[in-house]
Amino acid sequence: MALAVVDLKGAGVKRRAEDSIDPSRKHAEITFDNANAEALGKTGEGWDITSRVLDRAAILIAFEQVGGADICLAMAKDYAITRYAFGRQIGSYQAIKHKLADMYVNTELARSNAYYGAWALSTNARDLPLAAAAARVSATQAFDYASKENTQTHGGIGFTWEVDCHLFYKRSRELGLSLGPQRAWKDKLVTQLELSNVA
């Protein structure tokens, strides 16, 4: 695999807008037709360069995912203490408390892994691929879980356009699909853990 740098405003480059699950972010199909390109790296280095870029992007996106999970937890908590059912705050029910506690634990684990990734990125540590995979997997799971449980905590209104639960659910799904499938990142995490145990 080889990589190339192309001026997206240059001749031979066409963009066509694409719909996606998250309409707050623009997506496009890019087509190249005899566009000028400059080789990036040497022939055969394409996958190594791509892998390094994906590791760095995974760490940066993990922080966005942690932030999204934080907001979902705050929304669910606020709703749980203001919404009453059967004469009680819904937050007083054990089932809601469990949801909120699990959201908190998942988010804090993801935050810790994101910080580990930031440290590895800032120091160019040898275990950067491990830190990136850990941040990617935990942050994706935390945001996905928090966005779903936020919607569940809100009940029927959580599925409507009246509240923003759906925006965070869509963003969690979009970010979870970017940078490759979750299964690939889990496989990378296991491989990197195995390599670190051998060293």
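By salt bridge I mean a side-chain nitrogen of Lys or Arg within 4 Å of a carboxyl oxygen of Asp or Glu. Arg173 sits in helix H4 and Asp144 in helix H3, so this pair ties together parts that are 29 residues apart in sequence. When I say helix or strand, those are DSSP runs, H or I of at least four residues for helices and E of at least two for strands, numbered from the N terminus.

Before going on, a word on what we're looking at. This is a predicted model, where local features need pLDDT of at least 70 and side-chain atom pairs count only at pLDDT 80 or more, while totals for chains, interfaces and linings use all residues. Residues are numbered from 1 along each chain as its sequence is written, and side-chain values use heavy atoms, with hydrogens and water left out.

Back to Asp144. It has another partner, Lys148, with the closest N and O atoms 3.1 Å apart. Both of these lie in H3, four residues apart, which is about one turn of the helix. In an α-helix there are 3.6 residues a turn, so residues three or four places apart point the same way.

Are these residues buried or exposed? Asp144 is buried at 16% relative accessible area, while Lys148 is partly exposed at 40%, and Arg173 is partly exposed at 33%. The cut-offs are under 20% for buried, over 50% for exposed and partly exposed in between, with a 1.4 Å probe and protein chains only.

How many salt bridges does the structure hold? There are 14. One of them joins Arg25 to Glu174, with the closest N and O atoms 3.5 Å apart. That pair links distant parts of the chain, 149 residues apart: Arg25 is in the loop between strand E2 (13-18) and E3, and Glu174 is in helix H4 (residues 165-177). Arg25 is partly exposed at 28%, whereas Glu174 is buried at 12%. Both belong to a network of salt bridges that also takes in Asp22, Glu64 and Arg171.

Now the inside. The largest nonpolar core has 14 residues, and the ones touching the most other members are Cys72, Ala80, Leu100, Met103, Phe143 and Ala146. A core here is a set of buried Ala, Val, Leu, Ile, Met, Phe, Trp, Tyr and Cys residues joined through side-chain atoms within 4.5 Å. Helix H1 (46-82), helix H2 (94-123) and helix H3 (128-154) each give two or more residues to this core, and H1 brings the largest share, seven residues.

Let's zoom in on Cys72. Leaving aside neighbours within four places in sequence, Cys72 is in contact (heavy atoms within 4.5 Å) with residues including Met103, Phe143 and Asn150. Asn150 is in H3 and is buried, at 0% relative accessible area. Beyond residues up to four places away in sequence, Asn150 touches Cys72, Met75, Ala76, Met103 and Cys165.

As for H3 as a whole, 22 of its 27 residues are buried. From first C-alpha to last, H3 reaches 38 Å, close to the 39 Å expected at 1.5 Å a residue, where the expected span is 1.5 Å times one less than the number of residues.

Last stop: Phe32, which is in strand E3 (residues 27-32) and is partly exposed at 47%. Thanks, that's my tour.
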